[in-house]
Amino acid sequence: MTDRRDQPSVRLTRADLDALPNYVPGRSPADLARELGLPEAIKLASNEVPYGPLPGVVEAVAEAAAGVHRYPDMGVVALRQAIGERYGVDPDRVATGCGSVALAEHLVRATCLPGDELVYPWRSFEAYPIIAATSGATSVQVPNDAGHGHDLTAMAAAVTDRTRMVLVCNPNNPTGTAVRRAELDRFLDAVPDDVLVVIDEAYREFVTDPEVPDGLSYADRPNVAVLRTLSKAWGLAGLRIGFLIAQPTVAAAVRKVVTPFSSNAAAQSGALAALAQADEVRRRCALVVAERERVSEALSKLVPGVPASQANFVWLPLADRAVEFGRACESRGVIVRPFPGDGVRVTIGTPDENDAFLAAAEAALG
């Protein structure tokens, strides 16, 4: 009998995934604190809001935990109804998932066959190329403009007969830049009706520029879908719940391909409690925005070309110095998010956390 251990290894996974970068989460602050011998480290790498769960969320999650031996409502009826009431749409236009990133993946799955094209800006959300590759779609990356924002004219020109979906990240992660209404109007008018345009608005609640449109104002267009998340401003990053609003046929297709029961019971209950705290969310977002402006002003004195941010983070276009800067910040107990060769994204934290980061930035760049 042949010993199978002597046979050449047989590949069991797709070879094309070898070239795919891994999604990089923010480093553990506990690990860094132990490494440096500090009581704690500061994490400004994952765009979390630093003010804790919203009132009522912990209690709602605890109550839901008593029933974890039962499956959650797969139809997510109560949450879809609440989202519909809050945003003025019928629940049949709403789909939920494990964060907005999962819904982006489900949209690609619902629109693209192998070889179809997915157009998106770059640099943008680092999950986009992973989503495209794992769905069998062909990535078409359109470079950002000189101001680190979307080049919508070039994106429209990149659409071909093979394009099935276009992603517009507004505000853009990781650069914080935002597309304004006039240019988005022109772009949507230029995209063919049979191409789905997905406006990814994970950071919508932090937008203060009145010229940056609410994507839901376009949601009546047949070929527009809007992504939102409850991970950021709504403080549910650890529960992973997001939603999309689109035409009923698009939302129904997503609900058909979504992983069954992926909106778990705790997430549904926590989301319902969070949505009842809109006033507190606005208050917290105002705190973030005030700190964003303070941090941006200080950084502009250290780094030329820092773009104006409409999100809860700022972007430092440090290019080849990005990794070095990230290490310098970590040496002082502050975790940021470097993108090698491009820049560094820094989440806005509490005033004390931001002061610690600015001191680290001054030491590294001043």
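In helix α3 the buried residues are L79, R80, A82, I83, G84 and Y87, where buried means under 20% relative accessible area, exposed over 50% and partly exposed in between, with a 1.4 Å probe and protein chains only. Helices (H or I, at least four residues) and strands (E, at least two) are DSSP runs, numbered from the N terminus. The model is predicted, so local features need pLDDT of at least 70 and side-chain atom pairs count only at pLDDT 80 or more, while totals for chains, interfaces and linings use all residues. Residues are numbered from 1 along each chain as its sequence is written, and side-chain values use heavy atoms, with hydrogens and water left out.

The cover over the buried residues of α3 includes β2 (94-97), β7, β8, α8 (248-257) and α9 (265-275), through contact, meaning heavy atoms within 4.5 Å. After α3 comes G88, which has a positive phi, near 70°.

Aromatic rings are the next topic. Across the whole structure a search finds nine aromatic pairs; rings of Phe, Tyr and Trp (its six-membered ring) pair if their centres lie within 6.5 Å, and planes under 30 degrees apart count as stacked, over 60 as edge-to-face and the rest as tilted. One of these joins Y87 and F243, whose ring centres are 5.5 Å apart with planes at 40°, so that the pair is tilted. This pair links distant parts of the chain, since Y87 belongs to helix α3 (residues 77-87) and F243 to strand β8 (residues 242-245), 156 residues apart. Y87 is buried at a relative accessible area of 18%, and F243 is buried at 2%.

Y203 and F313 form an edge-to-face pair, 5.1 Å from centre to centre and with 85° between the planes. Here too distant parts of the chain are linked, with Y203 in the loop between β6 (196-200) and β7 (224-229) and F313 in strand β9 (residues 313-316), 110 residues apart. Y203 counts as buried at 4% relative accessibility, and F313 counts as buried at 0%. Elsewhere, ring pairs link Y23, Y120, W122, F125 and Y128 into a cluster.

Charges also meet rings. The charged end of R86 sits over the ring of Y87, 5.3 Å from its centre, a description that requires NZ of Lys or CZ of Arg within 6 Å of the ring centre and within 35 degrees of the ring normal. R86 is also in contact with A278, a residue of helix α10 that counts as buried at 11% relative accessibility.

Helix α10 (residues 278-300) packs with helix α12 (residues 351-365) at an angle of about 10°, their axes 11 Å apart; axes are lines fitted to C-alpha atoms, for helices over the stretch in contact, and angles run from 0 to 180 degrees between N-to-C directions. The two helices, α10 and α12, are therefore roughly parallel to each other, given that angles under 35 degrees count as roughly parallel, over 145 as roughly antiparallel, 65 to 115 as roughly perpendicular and the rest as oblique. By class, their contact has seven nonpolar, one polar and three charged residues; Ala, Val, Leu, Ile, Met, Phe, Trp, Tyr, Cys and Pro count as nonpolar, Asp, Glu, Lys and Arg as charged, and the others, Gly among them, as polar.

The axes of helix α4 (residues 99-111) and α8 come within 9 Å and cross at roughly 100°, which makes α4 roughly perpendicular to α8.

Methods. Lists of a residue's contacts leave out its neighbours within four places in sequence.
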